[in-house]
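Hello,

Here is the structure for your files. Please look it over with the notes that follow.

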Amino acid sequence: MNKVETVRKQNKLNNTIKETLARFDERTDRSIRFDLDRIEGVPQGVCLKLTGYGDTYNSQYLGRHYQKLLRSCLIRVVLDMRKCTYMSSAAIGKTVWFFQELKNAGGNFTVFGMTETVRRGFELLGVIGFLNEVENYDDGVVFLKREFN
């Protein structure tokens, strides 16, 4: 790939990322909200903040938003769950699928701030060990940056 093609590809990626960040929480259910912030110093890195609860009904919104990130090539994710009060098995399933897809796309993820109720759900389904859990946002960024050092 020559230099012009490389620049075009990077510009297209940047535009896709800007569009995704600008309208990320559109068409969602009131019971769950999604906030997205770019992580400086982590290529294709974002912090996804979940607020509310993920139940069987709104897990479709959760899955749709995860797919937006994947399509936008935002594949290095810190998942902030401090304000997520509950996740059903359907919502946990969507989240585990998302983490697997991030890995398949060459990305990575980390999670912090799980409430006891949410943690119990992941434990009961036997997927807690699959998570790259850290104490806080800064530790999550450090975890993702290790890939590049």
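A contact here means heavy atoms within 4.5 Å. Helices (H or I, at least four residues) and strands (E, at least two) are DSSP runs, numbered from the N terminus.

The model is predicted: local features need pLDDT of at least 70, side-chain atom pairs count only at pLDDT 80 or more, and totals for chains, interfaces and linings use all residues. Residues are numbered from 1 along each chain as its sequence is written, and side-chain values use heavy atoms, with hydrogens and water left out.

**Overall**

The protein chain has 5 helices and 4 strands. Their order from the N terminus is α-β-β-α-β-α-β-α-α. Of its 149 residues, 44% are buried (under 20% relative accessible area; exposed is over 50%, partly exposed in between; 1.4 Å probe, protein chains only). Take the contacts between residues at least 6 apart in sequence: 70% of them join residues at least 24 apart.

**Helix α5**

This helix spans residues 137–145. Its buried residues are Gly-140, Val-141, Phe-143 and Leu-144. They sit on the same side of α5, because they cover an arc of only 160° around the axis. That arc is taken from the directions from the helix axis to the C-beta atoms.

What covers these buried residues? The cover includes β3 (76–87) and β4 (108–112). On the face turned away from the buried side, α5 carries the exposed residues Asp-138 and Val-142.

Asp-138 also figures at the start of α5. There, a side-chain oxygen of Asn-136 comes to within 3.2 Å of the backbone nitrogen of Asp-138.

Best wishes

Definitions and conventions:
Polar contact = N/O pair within 3.5 Å; in protein donor to acceptor, adjacent residues only side chain to side chain.
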